[in-house]
Amino acid sequence: MILTCSTKAPMIKKLIAIYFISAAAPAMAHLTWIDAGEQSMGLSTGHNFPSKEITVKGEYVQSIRCVDANQNMFDLSFDTKSIRYTYPQKPANCVARLKTSLIELSPRQGAQHFEESKVSKNLIDKVRGSKKFEEEYFKLAQIKPIQIDGPLYNVDVAQFVIKANDPESIYLYRNDKPLSKQPVGLEYPETPVTLWSETDADGKVKLLLQPTSKALLRTLVTEENGQQYKSQFLSVILDPK
């Protein structure tokens, strides 16, 4: 696996940051993660985890599903004007889904956006050669990796999961199948750049290092959808404590 380190990376992040922060929906900023407290949670957005630039309002949230310590699932209610969502008891895990959005960029901006998330070169070249770039996307954030076949497991979306027979490893699944050769980025405050690797044939995430403090694991799963691109941003907190 290759550690991606380039002088162009900060500039690409900056360019995308400028666009997304100026967009109408705060949820459009590049990285989104769950900030879980003892009594409530929020959805933080920023470009340098864990520094948040925006806290997502409820009006941009589609759903929040959680499980308690006994793996009983419940839907967390939220106010559309609120930025913190109170739970009856601190959950063991949650999955928050933001509403689907459609963005339009110039081909140059779209290519930069895809390059920053290590989307395949074939798609990047197609974007560069197009007349416009449109992407329909949603964001999914997890507190922890999800147990396959557990109550929060959803075959219709990409999720970071764990297996009963391999609880120490993280896998990337969608449609009940592993996503192989998918670029995954580790945002770790102790390193100055995103640490990129690819999932193996079984969808297993190979970390370039084991974080000793909180880090964010993220990926962008995208595909062509007619003249548009259909994407899902996915993130999960890695907390070694």
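**A mixed sheet, a helix and a pocket**

Biologist: In what order do the 4 strands of the open sheet stand?

Modeller: This is a predicted model, where local features need pLDDT of at least 70, side-chain atom pairs count only at pLDDT 80 or more, and totals for chains, interfaces and linings use all residues. Residues are numbered from 1 along each chain as its sequence is written, and side-chain values use heavy atoms, with hydrogens and water left out. Strands are DSSP E runs of at least two residues, helices are H or I runs of at least four, and both are numbered from the N terminus. The pairing is mixed, and the order is S10-S11-S12-S13.

Biologist: Which strands stand at the edges?

Modeller: Two strands pair if DSSP finds at least two bridges between them. An edge strand here has a single partner, so one side of it is left without a neighbour in the sheet. The edge strands are S10 (146–147) and S13 (177–178).

Biologist: Which residue of S11 stands opposite Ile146?

Modeller: S10 and S11 (residues 159–163) pair over 2 bridges, in the parallel sense. Opposite Ile146 stands Val161.

Biologist: How many residues of helix H2 are buried?

Modeller: Buried means under 20% relative accessible area, with a 1.4 Å probe and protein chains only. H2 spans residues 107–116 and is mostly covered. Phe114 and His113 are among its buried residues.

Biologist: Which residue just after H2 takes a positive phi?

Modeller: The phi is about 60°. The residue is Lys118.

Biologist: Which strand gives the most to the lining of the largest pocket?

Modeller: A pocket is an open set of points on a 1 Å grid over the protein atoms alone, where a 1.4 Å probe fits, with protein on both sides within 12 Å along at least five of seven lines; lining residues have an atom within 4 Å of a point. The lining has 26 residues, with Lys144, Pro145, Ile237, Leu238 and Asp239 nearest the centre. S1 (31–36), S12 (166–174) and S17 (228–238) each give two or more. The most, 4 residues, come from S12.

Biologist: How many charged residues does that lining have?

Modeller: Asp, Glu, Lys and Arg count as charged; Ala, Val, Leu, Ile, Met, Phe, Trp, Tyr, Cys and Pro as nonpolar; the others, Gly among them, as polar. The lining has 15 nonpolar and 3 polar residues. Its charged residues number 8.

Biologist: What share of the protein counts as buried?

Modeller: The protein has 3 helices and 17 strands. Of its 241 residues, the buried share is 51%.

Key
Buried < 20%, exposed > 50% of the residue type's maximum accessible area, 1.4 Å probe, protein only.
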